Amino acid sequence: MMAGFETHQEYQRIEDYDEDTPPGEEDLLIHVPESRGDPWHHIKNLDNFFTRIYHFHQKNGFACMVLSEIFELVQFLFVVTFTTFLFNCVEYDVLFANRAVNHTGQTPGPLDRNKVTIPDAILPGEQCIERIQGNSWIIFLLIMAAIFWVYRLVKVIWNVLSYWEIRQFYIKALKIQMDELCNFTWQEVQGRLILLQREHPMCVQKRELSELDIYHRILRFKNYTVAMINKSLLPVKLHVPFMGEMIFVTQGLKYNFELILFWGPLSLFQNKWSLHPKYKRAANRQDLARQLSRVILLTGLVNLLLCPFVLVWQVLYAFFSYAEVIKREPGSLGARRWSLYGRLYLRHFNELDHELQGRMGRSYKPAAKYMNAFVSPLLAVLAKNVAFFSGSVLAVLIALTVYDEDVLTVQHILTAITILGVVITITRSFIPDDHMVWCPEQLMQCVLAHIHYMPDHWKGHANKSETRDEMAQLFQYKAVFILEELLSPIITPFILIFPLRSKSLEIIDFFRNFTVDVAGVGDICSFAQMDIRRHGNPQWMSEGQTEASVYQQAENGKTELSLMHFTIKNPRWQPPQESSVFISHLKEKVQQDAQTGPSPHLLLSEAPLCTSLLSNQSATGPDNLLASVLAHPVLTASCVPARNRRFIPQNSAASAAASVLASLSSSQQPPAGHRSRSHALRQTHDGPMYSSGHTLGDRSLAIMSARDSMILSQSYSALASEFASAEMSLHAIYMHEVHQQKTQHAPGQLHTSVPMRDMSANSDPQILSTQTDSLVPPASGRLGGWAEEEEADEEEINNSSSSSPVPDQTSRGSS
């Protein structure tokens, strides 16, 4: 246990600062009228305010948000009303022609005696109401639904009023009109917020806000959740008999986690921005753990009590949402989506929803190709034959219906046609593509380039079924997603009552040890500071720069990769000293490895790729940068017969990535004619990584071919965002390669993720303190694109990924 050091491990706060918001004052905005207008001054709940500003931008403004809220109410009302109608107002014996009853009052003719109309099967209004009133369970459920709907109505009215205030803020304070909102990216909105803080302080504790301050307020609780997933604290891995270890994370379970820990009436936080003082002291940790255990037990019992109602709603909602889609596209159940656990596991600290969605969208195609590359020869043979027999029967039925449509009136003909279509669609998913080439390592590297995280044991074992099964936990079938959500009301109470309760003490220790107070921000997860000294991992290029014990280190290089991602996405942000030293060290190592690597001009020229792995769409300039590394011979060697691999050059993928990264800073200043054109890119992308007085836009002009010239007509800010994503992908590949080299040279230092309580007894964590962020001018860079909800269907993800396809052989002929 952690008793050995917890007695002197106290929560540290910055002194000489008042609370940002006094407890109990929950008003969203306070206006201080002045003679020259209504500046927005001293906003009470900055977390709520910045979050609403972000959602207002991502959801396309006031009209779209209000319409979505209204349709949510209408949708709930429709489901309840329509379900009640189907159960009580339809006479199914008449509908199925089992009983000849005609409620229309008309006497059927001799030729119409077998025809049943819809009005015949619908009961009169009086009889329908009589049935409803005679069923006490229906009355009870309708009362519960009405109470919930009224609650939602009040909440919608409150939200609409808040949205209107945010709309006024955009127009009056940020000078952004609603018809121009779609032309502004979040980076530009954020830049205006930072400028506004200097003129009219929204936060009274801090004269100037940095980009990290705004991210902290929007992602305060999400950063805690990402850290707890990273440290394997939340019980999301279950051991199922005969099935082994399975990961179970659903929207309902995540909602309960957040309710217990963050914003519920008995949560650990006394308001939206401050951990309760009693959780900051180690003296009463045992009592607090018992108290948290009781809260979890109470929540679990409430979930168990509400399980039947929630289950009924889940089934009805799933039926109305997916039944038509399954009928129209049976193969949609075989499509994949990034699981909720995958999104939490792969999410960087301080990564907004639209940034995460962009990465997941780019990684969808290579991830799907990797998963589809695993085909069982036995299943393929069975699938081909089942598809043949099913297709033969289906062809006969379709031919008969074309010849005479009365065939459709035969009982179960439509059912048979539908089932046969589903069977054919399912069996086709087991039949491999005849043109597919087996290159799992290269596909895995394509996936890593976008998801940025990968367990160490996946490297070199991408062809193993165990690796594929673990990948399936992150990239699951939509059918599995639906099934998990349906089972969530049943399983969630037991996860809360048993596994989560047993971790009460570890959760209490986690929040005390990994919470810091930042002036002008409040209590945040210390991992979100991305502090290399406190949370760096020596195996991820942090040796000599970190003092973190194993207990304090983030797993899988989360601190280092998150720091790189945030720095690249926010180039105007000035990192703290320790982080700046790490970035400088990384830059120097990249330059050193580039000296021994292949020529960047050679890498950016035509590269041999296995055509079966790649799409047939043209790549853009940023895609060419990434493709030059993904097409490196070290990776494409997985497609070459073993006897021929001795002819493959021995340059590593790390040196290839280093060469391309180093080339980004080697461009010279642009000619006078190009300076005005590239000014936007220089303003957007110059940052602490590879600036050195050069511009990324000039490099893009050098590597883009004639067919990529259309990019020049697009926004240079949006293009800079694509280059930033490609640059981060290159860094992810490079850092993983260097990490693998370190672990291979020093295997004894390799450690796996250790449960929190097991490592705590031997740890001696440093006292956590607050480090304020340096303030810098605002960024004007575009991120491009619109965010999708985390629960978005994979059809939407697939659409977003189509704009950034995996580069193909025909798209890298530009240098």
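**A close look at one helix contact**

Author: Happy to! The chain exposes about 37200 Å², with carbon and sulfur atoms supplying 60% of it (accessible areas come from the Shrake-Rupley method with a 1.4 Å probe; for residues, only the protein chains shown count as cover). This is a predicted model, in which local features need pLDDT of at least 70 and side-chain atom pairs count only at pLDDT 80 or more, while totals for chains, interfaces and linings use all residues. Residues are numbered from 1 along each chain as its sequence is written, and side-chain values use heavy atoms, leaving out hydrogens and water.

The chain's secondary structure comes to 32 helices and six strands (DSSP runs numbered from the N terminus: helices are H or I with at least four residues, strands are E with at least two).

Now to the helix pair. The axes of helix 2 (residues 46-58) and helix 7 (residues 136-173) come within 10 Å and cross at roughly 80° (axes are lines fitted to C-alpha atoms, for helices over the stretch in contact, and angles run from 0 to 180 degrees between N-to-C directions). That makes helix 2 roughly perpendicular to helix 7 (angles of 65 to 115 degrees; under 35 is roughly parallel, over 145 roughly antiparallel, and the rest oblique). Helix 2 contributes Phe49, Arg52, Ile53, Phe56 and His57 to the contact (heavy atoms within 4.5 Å). From helix 7 come Trp158, Asn159, Ser162, Tyr163, Ile166, Arg167, Phe169 and Tyr170. These contact residues divide into eight nonpolar, three polar and two charged (Ala, Val, Leu, Ile, Met, Phe, Trp, Tyr, Cys and Pro count as nonpolar, Asp, Glu, Lys and Arg as charged, and the others, Gly among them, as polar).
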